[in-house]
Amino acid sequence: MAVNISELVTSTLRKRNNMFADNITDDIALLSYLKRGNRIVKVGGGRTITESLIYPENGTAKWYRDMETFTIAAEEVLDAAEYDWSQLGAFIYLTGREKIMNRSTEEAIDLVRARLEAAQATLANMTGAAMYSDGTTANELAGLQHLVQDDPTAPGTVGGIAQDTY
């Protein structure tokens with residue numbers, strides 16, 4: 001049975017760019033800023049993510065003149081913030097039929113690569129949104145709204161540290 005799609009369509013391949021345009025992650029300002037400045041630190045593993053902190057201020061510091069005396073006291077200024085791991089993932093697929101249809105010289109676009117890049121872009125977009133979040137969504141990483149509260153005197157905990165105390 002003939003399909004009648006014309007000689008020209010039958011004999012001519014479509015001209016297409018085999019690169020993908022990212023229409024998802026270009027608008028994530030904070031994530032772009034962190035990537036540009038190599039400000040993303042990779043963590044190797046462990047039970048939690050622990051960030052060492054110097055706080056509070058040294059209570060013996062003061063303005064002085066000449067031979068004025070200082071209060072001498074032991075000052076603990078080192079502690080750590082501790083964060084649970086957050087995970088983000090996506091699923092991609094390739095059916096047997098798609099694999100057969102999209103291979104060899106008939107493959108115009110690598111379908112698996114396109115789906116993988118779309119999944120990666122989606123994950124980056126979700127990460128970007130989470131970076132501004134208040135940390136109330138289940139399993140999501142806590143973002144800037146959680147780390148920098150509107151009212152720092154309100155009760156709350158960030159990295160295991162009570163914000164109304166420290």
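Tutor: A patch is built from residues with over 30% relative accessible area and no salt bridge, with like charges joined within 9 Å and nonpolar side chains (Val, Leu, Ile, Met, Phe, Trp, Tyr) within 5 Å. The accessible areas behind it come from the Shrake-Rupley method with a 1.4 Å probe, and for residues only the protein chains shown count as cover. Before we apply this, note that we are reading a predicted model, in which local features need pLDDT of at least 70 and side-chain atom pairs pLDDT 80 or more, while totals for chains, interfaces and linings use all residues. Residues are numbered from 1 along each chain as its sequence is written, and side-chain values use heavy atoms, with hydrogens and water left out.

Student: Which residues make the nonpolar surface patch?

Tutor: Y83, Y132, L144, L147 and V148 make it, and the patch covers about 440 Å². Across the chain, buried residues make up 15% of the 166 residues.

Student: How should I read the largest pocket, and what is its volume?

Tutor: On a 1 Å grid over the protein atoms alone, a pocket is an open set of points where a 1.4 Å probe fits, with protein on both sides within 12 Å along at least five of seven lines, and its lining residues have an atom within 4 Å of a point. Points are joined across faces, edges and corners, and the volume is the space filled by probe spheres set on them. In this model the largest pocket has a volume of about 1700 Å³. Of the 42 residues that line the largest pocket, I49, Y83, L141, A142 and L147 are the closest to its centre.

Student: Which element gives the most to the lining of the largest pocket?

Tutor: Strand β1 does, with four residues. The elements that each supply at least two lining residues are α2 (29–36), β1 (49–54), β2 (78–83), α4 (111–130), α5 (144–147) and β3 (157–158).

Student: How many salt bridges does a search of the whole structure find?

Tutor: A salt bridge is a side-chain nitrogen of Lys or Arg within 4 Å of a carboxyl oxygen of Asp or Glu, and the search finds four. In one of them, the side chains of R47 and E82 meet at 3.5 Å, N to O. R47 lies in the loop between α2 and β1 and E82 in strand β2, so this pair ties together parts that are 35 residues apart in sequence. R47 counts as exposed at 68% relative accessibility, while E82, at 39%, is partly exposed.

Student: Where do E98 and R115 lie?

Tutor: E98 forms a salt bridge with R115, and their closest N and O atoms are 2.8 Å apart. The pair links distant parts of the chain, with E98 in helix α3 (residues 96–101) and R115 in helix α4, 17 residues apart. Both E98 and R115 are buried.

Student: How many residues apart in helix α4 are R113 and E117?

Tutor: They are four residues apart, which means a separation of about one helical turn, and their side chains meet in a salt bridge of 3.3 Å, N to O. R113 is partly exposed at 32%, as is E117 at 33%.

Student: Finally, what is phi of N38, and what is phi of D66?

Tutor: Most residues other than glycine have a negative phi. In this chain, phi of N38 is near 50°, a positive value, and phi of D66 is likewise positive, near 50°. N38 is found in the loop between α2 and β1 and is exposed, with a relative accessible area of 71%. D66 lies in the loop between β1 and β2 and, at 67% relative accessibility, also counts as exposed.

Key. Buried means under 20% relative accessible area, exposed over 50%, partly exposed in between (1.4 Å probe, protein chains only).
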